[in-house]
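I open this notebook to record what I looked up in the model, entry by entry. The local details come first, and the overall description of the chain follows.

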Amino acid sequence: MKEQPKLQLMKLAQFLGCPFSNEEETRGAVDGIQKLCSFENLSNLEVNKTGKLASGEEYKAFFRRGEVGDAKNHLTPQMIEKLDQITEQKLHGYGLKF
């Protein structure tokens, strides 16, 4: 996702059964969506800086840079292994590579 976001966005749209038309691609729809969904844009929205869930958890707690390999700085090796197992189990059969 991080290496080729435009390509992955197009693949995701195809997977969801809503591929971009040639006209949408030409008019920059993919680039626009990529910009709107960027970490920089979403993390800078006022609602995501100051809002809270009913439980009191701040919305900003849901935003991390998400750097590849950074999980080891936040999770134990056991937690990472468990998440990998769950992800592979739930997404098995969808043609995704882990």
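**Entry 1. Glu 88.** I began with Glu 88, which I located in helix α6. The model I am reading is a predicted one.

**Entry 2. Leu 83.** I next turned to Leu 83, which is also found in helix α6. Its relative accessible area is 45%, and I therefore noted Leu 83 as partly exposed. How far apart are Leu 83 and Val 68 in space? From C-alpha to C-alpha I read 15 Å, for a sequence separation of 15 residues.

**Entry 3. The aromatic pair.** I searched for aromatic pairs and recorded one in the structure. Phe 15 and Tyr 94 form it, in an edge-to-face arrangement, with 6.0 Å from centre to centre and 75° between the planes. The label edge-to-face follows because an angle over 60 degrees is required for it. Where in the chain do the two partners of the pair lie? I placed Phe 15 in helix α1, which covers residues 5-15, and Tyr 94 in the segment after α6, a helix that covers 77-91. The pair thus links distant parts of the chain, its partners being 79 residues apart.

I also checked the accessibility of both partners. Phe 15 has a relative accessible area of 53%, so I listed Phe 15 as exposed. The cut-off for that class is over 50%. Tyr 94 has 49% and is therefore partly exposed.

**Entry 4. Secondary structure.** Which elements make up the chain? I counted six helices and zero strands. Read from the N terminus, the order is α-α-α-α-α-α.

**Entry 5. Dimensions and burial.** The C-alpha trace spans about 45 × 40 × 25 Å along its principal axes. I recorded 9% of the 98 residues as buried. Among contacts between residues at least 6 apart in sequence, 29% join residues at least 24 apart.

**Entry 6. Surface and charge.** The accessible surface of the chain is about 8,400 Å², and carbon and sulfur atoms account for 56% of that surface. Last, I looked up the charges: the chain has 14 positive and 14 negative ones, and their mean positions are 2 Å apart.

Note on methods
Residues are numbered from 1 along each chain as its sequence is written. This is a predicted model: local features need pLDDT of at least 70, side-chain atom pairs count only at pLDDT 80 or more; totals for chains, interfaces and linings use all residues. Side-chain values use heavy atoms; hydrogens and water are left out. Helices (H or I, at least four residues) and strands (E, at least two) are DSSP runs, numbered from the N terminus. Buried means under 20% relative accessible area, exposed over 50%, partly exposed in between (1.4 Å probe, protein chains only). Contact means heavy atoms within 4.5 Å. Accessible areas come from the Shrake-Rupley method with a 1.4 Å probe; for residues, only the protein chains shown count as cover. Lys and Arg count as positive and Asp and Glu as negative; His and the chain ends are not counted. The place of a charge is taken as NZ of Lys, CZ of Arg, CG of Asp or CD of Glu. Rings of Phe, Tyr and Trp (its six-membered ring) pair if their centres lie within 6.5 Å; planes under 30 degrees apart count as stacked, over 60 as edge-to-face and the rest as tilted.
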